[in-house]
Amino acid sequence: MSHPLSPYPDACVIPGTPLADAREGIDACVHCGFCLPACPTYLTLEDENDSPRGRIVLMKSIVEGTLPVDDPDVRTHIDQCLGCRACETACPSGVPYGHLLEATRATLTARKPNPPIARLILFVFARRTLTRLAMFGGRVARGLRVSWLLSRLPGRLGFAMAMLESTRLPLKRRKYEASGDGARGSAALLTGCVMEGLYAHTNRATERTLTVNGYRMVGAPAQRCCGALHAHAGDDDAARKLARANVAAFELCGADYIVANAAGCGAMMKEYGRLLADDTAWHERAAAVAARVRDVSELLADAGPKPGGEVRTTVTYDAPCHLLHAQRIAAPPLAVLAAVPGLARVPLEGSEHCCGSAGIYNLIEPDVSDRVLAPKLANIAASSAPLVATGNPGCLMQIGAGLRQAHMKARAVHPVDLLDASYGVERG
Ligand code: SF4
Ligand code: SF4
């Protein structure tokens, strides 16, 4: 059904596709252009077709048949979208751009598959054993300093190795025994593929800091990858399969909260109800699980969080797009950093702009990704902070790799790792 003010007719040449089903969202765009200054690809590429408004016109043209669904230029402009959803935050008309993008990608990839590297990554992340093997290989390369050696190479291999190298914890911290009264309820951690594989230290820090702040941690052993990479790349079937597995796993654990410390994964889980909207057997269950999902910063901020011992350094904060724009969470991560005594906080210009990571975007669209990252690195340099805090593994690795390859001293760190270091000073 078309929006009553839509200037477009109701014609649809691709009925039954995800994009045709998303038509109401497309028609909600009134082409005002308020989203343009918020869009990193528009600011970088200076092409209307690489703006939210331009891409929505392309989507509409596909639905109406004025552009063929397999038009290679359309595919390029849609592929070049970061999916950062900054346009959603800027849009006064409530256009659900993230949903439109996923529907477009699902429609286009049904005609022409993603490139082989993207399909390989999605294949691996949909299978628990392969994911664990890949993460084990990453840890071995990191432990033997192969990633350090190869990170000096030019090109994508060098950048990928710099990403791996940047997953090391850039802080010294004392071990401590976490204890608390559990009065705030129970919480189950979405351990995540990359988080548990390469950021296990952050997962343990998440469990400890939540425990100190009154949450009782419980396990959800049958959980899987959240499916975000698959949904963003148009592989809806794989995303739904993973979502069903997670709904069952988190129902079973019975926790009051499901906690994510990866912004992209949390955003995905909060949308499980929509993802399974057409699945009558699972929709209600998925929506109930989604309603229990919280970012770790939300739970910590609700509890204070309790202050710890002094950590004398300076940090600046970069907002992950899937925290700020997709989940609309701005203040809680800053509250986590503010709870660390001795930690000086300095602002980061453009912290609301994407860093260019965007899931697997930096591997399949390296040139645009690099160009989006460049102003971020310049702003970090201008802040003079030795640490950049951000709560998403993709952003941690993208910024961390960029800093290393630019020979900058600053390092990327998860906000929870700083709070945990503070508790280590007090309790260690
Ligand atoms: S701000 Fe919203 S309504 Fe305006 S052009 Fe952008 S997407 Fe369309
Ligand atoms: S999701 Fe991000 S990159 Fe894509 S159109 Fe919106 S603002 Fe631009």
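Which residue in β3 is the bridge partner of A187? Some friendly notes follow.

1. The answer is Y257. This is a predicted model, where local features need pLDDT of at least 70, side-chain atom pairs count only at pLDDT 80 or more, and totals for chains, interfaces and linings use all residues. Residues are numbered from 1 along each chain as its sequence is written, chains are lettered from A and ligands numbered from 1 in the order in which they are written, and side-chain values use heavy atoms, leaving out hydrogens and water.

2. Strands β1 (residues 186-189) and β3 (residues 257-260) run parallel, joined by 3 bridges; strands are DSSP runs (E, at least two residues) and pair if DSSP finds at least two bridges between them. The open sheet has 4 strands, ordered β2-β1-β3-β4, with parallel pairing. Its edges are β2 (216-218) and β4 (293-295); each has a single partner strand, so one side of each lacks a neighbour in the sheet.

3. Helices α4 (residues 52-64) and α5 (residues 72-79) have axes that come within 10 Å and cross at roughly 140 degrees, with axes fitted to C-alpha atoms over the stretch in contact and angles running from 0 to 180 degrees between N-to-C directions. Helices here are DSSP runs (H or I, at least four residues). The contact (heavy atoms within 4.5 Å) is made by R55, L58, M59 and I62 of α4 with V74, H77 and I78 of α5.

4. There are 0 disulfides in the structure, a disulfide being a pair of cysteine sulfur atoms within 2.5 Å. C226 is in none, and its nearest cysteine sulfur, that of C265, is 3.8 Å away.
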